[in-house]
Amino acid sequence: MKGVAEKIEELKALKKQAMELGGAGAVAKHTEKGKLTARQRMDLLFDEGTFREVDMFVTHRCVNFGMENTAIPADGVITGYGRVEGRPVFAFAQDFTSRAGTLGEMHAKKICKVMDMARNAGAPVVGLNDSGGARIQEGVDALSGYGEIFYRNSICSGVVPQISAIMGPTAGGAVYSPAMTDWIFMVKNTSHMFITGPDVIKSVTGEAITFEDLGGAMTHNEKSGVAHFACENDVDAIAHIRKMLSYLPSNNMEDPPVVDTGDDPKRSDVMLDTFLPDDPNRPYDMKEIIRAIVDQGEIFEPHAHFAKNIIVCLARLNGKTIGIIANQPMVMAGCLDIDASDKATRFIRFCDAFNIPLLTLSDVPGYMPGSHQEWGGIIRHGAKLLWCYSEATVPKLLVIIRKDYGGAYIAMSSKHLGADIAFAWPTAEIAVMGAEGAANIIHRTEIKNAEDPAAKRQEKIEEYRNLFSNPYCAARRGYIDDVILPSQTRPMLIDALEIMYRKRQALPPKKHGNIPA
């Protein structure tokens, strides 16, 4: 029988063996590609010395195709918990050096356990994905493992924040779990996501395409919108994840952390009083307005490369986390289209799920016209924006900056969809459409029969502008709570946020709504 000393030495040996991952050769090959190992990633994610590994000794049970003689350290995935900026976080990191990080029965059980622990503890869960996919030798047990993970993604959604980092290959069924989480971070040049790889596509369709063009970081950040961040390397990705966590509550029952940013809540910015161009058709950068308003001018922007006609970002007002949705006049004049609607609505739902107040900055000429948009389903995609603003129960603040036309006026968090406090700058125009189009419709006959149709048309355009190219008609009807000086936007918003911060709103009892697909 082994004595105490022998058992301690045995434990040390087993842990040392597990810490070696897939062996020196596999680790060297892995790091040559500029990638960190699973354990290095965990060490970077968590505050120094706080990570506690669970299930280090778990092994697979597969006996097919000679697998009974194959050892896979930690079954290819490191799981555990620790602290990020002092707050509890759970995580898993797939180990590509150990059998390519393939997912089998026990690998999946480890991930499921840490997800269950995160939900029960009310703490975020971070998945660092780097896997060759399903472990083929385990057959249906591997498929079962993916299903169990997907189920937990759904159960955890809206309960604890879920963050995925794609730090290597992620293909086939493996892509669906990250897609079900709240945020996806990808690493340029080393991470890929796709349902079917280039070889299969080539054999089935004849199309030749590279891994990077098919499912690389910039492809999914710019074209598909599947990913939210494109990071330079593993270190950059983990730094971004830590920053994201700093804005978020640990779970849906808590408020986001309040941070002393050192920025004066009464600070005004006279630059804003002269910022907008005199020509209402000239573009400007909405991000400059956002930075002038928020604490220290700092924003954290997901989807920076996708649907650039709308901006979504996290920021702080007087130390409190807020979610900002803003039209971007620099791109497509800030019109709403299919992608912009999808981008904004998912962000709104995330903020609402985790008690993050919403600030909307509106300058929108309408929904994007055209057959491509109509055939692509702009009606149902655009309806999501109406739905999600209406459904959100967090404090909702609105500032109308310039144009706010038609259905897009309603969609951008108008009073009619439940905005709690709505401000407008003196430059705000709130109307069914622009003056030129409105004059042509309303006064078509009069303009046609006039001695000088061009002069009459211009007269009617100016008449319409005088009526609607200001915020006071809407303010007289109570659709705008106050018309404010642009320079006073920050202090006015902070006052409004303080007043509404403890807002509580109950919706009618129901299992769930049926959001437009």
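Analyst: Start with charges over rings. A charge sits over a ring if NZ of Lys or CZ of Arg is within 6 Å of the ring centre and within 35 degrees of the ring normal. Here K320 lies over the face of Y501, 5.0 Å from the ring centre. K35 sits over the face of F96, also at 5.0 Å from the ring centre. The model is predicted: local features need pLDDT of at least 70, side-chain atom pairs count only at pLDDT 80 or more, and totals for chains, interfaces and linings use all residues. Residues are numbered from 1 along each chain as its sequence is written, and side-chain values use heavy atoms, with hydrogens and water left out.

User: How many aromatic pairs are there by the rule for rings?

Analyst: Rings of Phe, Tyr and Trp (its six-membered ring) pair if their centres lie within 6.5 Å; planes under 30 degrees apart are stacked, over 60 edge-to-face, and the rest tilted. That rule gives 12 aromatic pairs. One of them is F350 with F354, a tilted pair at 5.1 Å centre to centre and 50 degrees between the planes. Ring pairs also link W183, F347, F350 and F354 into a cluster.

User: Are F350 and F354 buried or exposed?

Analyst: Buried means under 20% relative accessible area, exposed over 50%, and partly exposed in between (1.4 Å probe, protein chains only). Both F350 and F354 are buried. Across the protein chain, buried residues make up 52% of the 517 residues.

User: What is there to see in the phi of A74?

Analyst: Most residues other than glycine have a negative phi. A74 is not a glycine, yet its phi is positive, about 55 degrees. A74 is in the loop between β1 (52-54) and β2 (77-84). It is buried, with a relative accessible area of 3%.

User: Where does A333 lie, and what is its phi near?

Analyst: A333 is in the loop between β11 (320-327) and α12 (338-353). Its phi is near 60 degrees, again positive in a residue other than glycine. A333 is partly exposed, at 44% relative accessibility.

User: How many helices and strands does the protein chain have?

Analyst: Helices (H or I, at least four residues) and strands (E, at least two) are DSSP runs, numbered from the N terminus. The protein chain has 20 helices and 16 strands. Its C-alpha atoms fill a box of roughly 105 × 55 × 45 Å along the principal axes.
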